[in-house]
Amino acid sequence: MTRKAVALISGGLDSLLAARVIQEQGVHVEGINFFTGFCVEGHTHAIRKKDKDKPKRNNALWVAEQLGIKLHIVDIVEEYKDVVINPKHGYGANLNPCLDCKIFMVQQAYQWIRDKGFDFIITGEVIGQRPMSQRKETLPVVARESGADDLLLRPLCAKNLPPTLPEREGWVDRDRLHDFSGRSRKPQMALARQYGFEDYAQPAGGCCFLTDENYSIKLQDLWTHRGEKRYELDDIMLLKVGRHLRPEGQSWKLIIAREEGETRFLSGYKGQFQSLRTLSHGGPLALIDGPTLNDEQIREAAAIVARYGQGKTAPEVELEYSPPGGDGRSVTVAPKAPHEIPQSWYLV
Amino acid sequence: MKPLRIDARRLLCPMPVIRLQDALEPLPVGSVVEITATDPGVQNDIPAWCRINGQRLDGIEQRGNEYIITVTKLCDD
């Protein structure tokens with residue numbers, strides 16, 4: 001009887017190798033990939049015009065194609081909010097709830113194998129690879145709190161862990177699993193060479209925006225000014241785009257496009273946000289995130305936006321202010337000088 | 001057979017792929033889905049998804065900033 005396993009596929013090298021190790025033992029493997037909204041998956045390339053010519057691919061799909069396996073991509077945006085907002089095990093260096101995230105994903109995979117009649121779960125975890133979720137103390141926590149227990153097999157470091165059910169039952173041969181540990185990537189790279197994988201993704205900061213300091217600062221700012229920890233998918237997408245600028249003490253911020261591709265992307269949100277665009281000169285589109293602005297605030301916002309257009313040195317610039325989905329009206333202002341926009345207003 | 005039309009405009013990958021995948025799942029083999037998207041990434045991602053999941057890509061048409069992609073379901077999950 002051919003056993004069936006589902007592999008958590010992030011798109012990185014470790015999950016690619018883990019799945020291949022188990023495939024090599026005659027197990028039927030399919031992949032599962034979770035979309036949280038925070039995934040670093042070419043969104044910046046999709047939006048920014050200057051990046052359009054760079055080759056772009058979804059790494060999870062690419063990995064599945066290399067392995068010759070099916071890939072099930074699961075939208076967990078809604079369910080994932082509780083993981084980000086209330087992580088039981090806390091955050092890492094930034095707003096990354098890595099341990100809760102891993103537990104949640106394995107829990108989702110465990111439910112999936114029960115629904116689909118699969119036998120066990122594979123992850124590419126390696127002891128000591130990551131400071132929060134992949135430590136000797138936390139790997140058992142993931143298995144236990146996800147409910148997967150010994151149906152969770154980590155082929156790359158299995159020999160450093162107690163035998164799981166697939167090993168004890170002989171569904172896989174423990175001797176042909178690995179004993180990788182630590183932060184070195186050399187064993188994985190050697191195994192990749194052995195399997196003939198060359199063009200794999202090597203994300204520098206993991207595959208999640210929540211591990212990024214600048215992104216986390218913007219998310220924290222969003223929560224602080226809303227007075228509560230909550231977000232929608234559009235919010236977290238917009239944190240990836242444009243120059244975010246909050247004048248000191250204000251309850252509103254500007255999201256100013258940095259180039260044509262971002263202007264086009266942000267224009268899709270004009271129905272939901274107040275916006276400003278430059279009429280008299282070339283210039284970016286800016287969204288205003290916050291309560292409806294009064295006339296004085298509109299002039300302040302317009303003067304900031306004018307600073308980033310071609311009329312930045314002109315005595316006056318005409319812009320159009322539009323309420324969400326409504327008709328615009330003209331506003332003419334003197335652009336702010338660079339020294340009038342303190343560095344502290346920039347949300348990096 | 002009249003195609004099922006899906007609007008995935010303004011969504012960034014992999015959301016258009018997920019919309020396609022979830023739309024196809026309950027449909028019988030032979031069904032056709034036509035998805036409209038604006039993320040150019042769909043030109044790579046949807047063909048890749050079709051290849052690995054055994055579905056047939058019938059065509060990709062670009063109209064301005066939009067991509068209209070037609071897929072036929074060849075097999076169940």
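This is a predicted model: local features need pLDDT of at least 70, side-chain atom pairs count only at pLDDT 80 or more; totals for chains, interfaces and linings use all residues.
**Where the chains meet**

**Chain B as a whole**

- Confidence first: the mean pLDDT of chain B is 94, and 100% of its residues reach 70 or more.
- Chain B comes to 2 helices and 4 strands, and from the N terminus on these run β-α-β-α-β-β.
- The radius of gyration of chain B is 11 Å, close to the 11 Å that the globule rule gives for 77 residues, so chain B is as compact as a globular protein of that length.
- Along its principal axes, the C-alpha trace of chain B spans about 30 × 25 × 15 Å.
- Of the 77 residues in chain B, 38% are buried.
- Take the contacts in chain B between residues at least 6 apart in sequence: 61% of them join residues at least 24 apart.

- Is strand β3 of chain B (residues 56–63) enclosed or in the open? The number buried among its 8 residues is 0, so β3(B) lies largely in the open.
- β3(B) runs antiparallel to strand β4 (residues 66–72) of chain B, and 7 bridges join the two.
- One place to look for this pairing is B:R63, which stands opposite B:E66 in β4(B).
- The two strands form a hairpin with 2 residues between them. In that turn, B:G64 has a positive phi of about 65 degrees.

**Chain A: the layout and helix α1**

- Helix α1 of chain A (residues 13–23) is mostly covered, with 10 of its 11 residues buried.
- Among the buried residues of α1(A) are A:L13, A:L16, A:L17, A:V21 and A:I22. A:D14 and A:R20 in α1(A) are buried as well.
- What does the covering of α1(A) include? Several elements of chain A are part of the cover: β1 (4–8), β2 (28–35), α3, β4 (120–122) and α8 (186–195).

- In strand β10 of chain A (residues 285–289), 5 of the 5 residues are buried, so β10(A) is largely enclosed by the rest of the structure.
- In a regular strand, side chains alternate between the two faces of the sheet.
- In β10(A), A:L285, A:L287 and A:D289 point one way, while A:A286 and A:I288 point the other way, and all are buried.
- β10(A) pairs with β8(A) in the antiparallel sense over 4 bridges. Within that pairing, A:L254 stands opposite A:I288 in β10(A).
- Strand β9 of chain A (residues 274–278) also pairs with β10(A) in the antiparallel sense, over 4 bridges. Here the bridge partner of A:L276 is A:A286 in β10(A).
- β9(A) and β10(A) form a hairpin, and 6 residues lie between them.

**A lysine to look at: A:K253**

- A:K253 sits in strand β8 of chain A (residues 253–256).
- Why does A:K253 count as buried? A:K253 has 22 C-beta neighbours inside 10 Å, and the cut-off for a buried residue is 20 or more.
- Leaving aside neighbours within four places in sequence, A:K253 is in contact with A:H244, A:L245, A:R246, A:D289 and A:G290.
- A:L239 is 14 residues away from A:K253 along the chain, and their C-alpha atoms are separated by 12 Å.

Conventions: Residues are numbered from 1 along each chain as its sequence is written. Chains are lettered from A and ligands numbered from 1 in the order in which they are written. The radius of gyration is taken over C-alpha atoms; the globule rule is 2.2 Å times the number of residues to the power 0.38. A residue is buried if 20 or more other C-beta atoms lie within 10 Å of its own, exposed if 12 or fewer, and partly exposed in between; C-beta atoms are placed from the backbone. Two residues are in contact if their C-beta atoms, placed from the backbone, lie within 7 Å. pLDDT is the predictor's confidence in each residue, from 0 to 100. Two strands pair if DSSP finds at least two bridges between them.
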